[in-house]
Amino acid sequence: MNYKTQKVIDMLRQLFEGEYDPLQFSTDFAVYCFDNYEVLEKEHVGLGYYLDQEVPDICDEAEPGFDSTHMIEELKKVYEKVLEIINQN
């Protein structure tokens, strides 16, 4: 698997395993996906586009003191779709 795509997977797994603060993740992940859009598209066609369409709205839920349950549930759906895109390419 390509490096930038692996980083997406790793970041999501860290969040799901409680190793990444949800508030910090919401900023870091959205910025990472935006900054690496073109590389993610090159690594797996459709991945950059998908993340660009889904991630900002989900991560915008975060604010100090928020309940991250819904955001994490939505990101688990994103994770499954990411794996699907990777397996198609």
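What percentage of the 89 residues in the protein is buried? In this predicted model, buried residues make up 39% of the 89.

**Overall fold**

The protein has five helices and zero strands, and its elements follow the order α-α-α-α-α from the N terminus on. Its radius of gyration is 12 Å, close to the 12 Å that the globule rule gives for 89 residues, so the protein is as compact as a globular protein of that length. Along the principal axes, the C-alpha trace spans about 40 × 20 × 20 Å. Of the contacts between residues at least 6 apart in sequence, 67% join residues at least 24 apart.

The table gives the relative accessible area of S26, D57 and E61, with the class of each.

| Residue | Relative accessible area | Class |
|---|---|---|
| S26 | 5% | buried |
| D57 | 59% | exposed |
| E61 | 28% | partly exposed |

S26 is found in helix α2, which covers residues 22-35. With a relative accessible area of 5%, S26 counts as buried because this value is under the 20% cut-off. Its side chain reaches the backbone oxygen of L23 at 2.6 Å. Leaving aside residues up to four places away in sequence, S26 touches C59, A62 and M71.

D57 lies in helix α4, residues 47-59. At 59%, D57 is exposed because its relative accessible area is over 50%. D57 and F16 are 41 residues apart in sequence, and their C-alpha atoms are 18 Å apart in space.

E61 sits in the loop between α4 and α5, the latter being residues 69-88. Its 28% relative accessibility makes E61 partly exposed. Which residues does E61 touch, not counting those up to four places away in sequence? They are F66, H70 and M71. With H70, the E61 side chain makes a polar contact, side chain to side chain, at 2.8 Å. E61 and M71 are 10 residues apart in sequence, and the C-alpha to C-alpha distance between them is 6.8 Å.

Terms used:
Residues are numbered from 1 along each chain as its sequence is written. This is a predicted model: local features need pLDDT of at least 70, side-chain atom pairs count only at pLDDT 80 or more; totals for chains, interfaces and linings use all residues. Side-chain values use heavy atoms; hydrogens and water are left out. Helices (H or I, at least four residues) and strands (E, at least two) are DSSP runs, numbered from the N terminus. The radius of gyration is taken over C-alpha atoms; the globule rule is 2.2 Å times the number of residues to the power 0.38. Buried means under 20% relative accessible area, exposed over 50%, partly exposed in between (1.4 Å probe, protein chains only). Contact means heavy atoms within 4.5 Å. A polar contact is a pair of N or O atoms within 3.5 Å; within protein, one must be able to donate a hydrogen and the other to accept it, and residues adjacent in sequence count only if both atoms are side-chain atoms.
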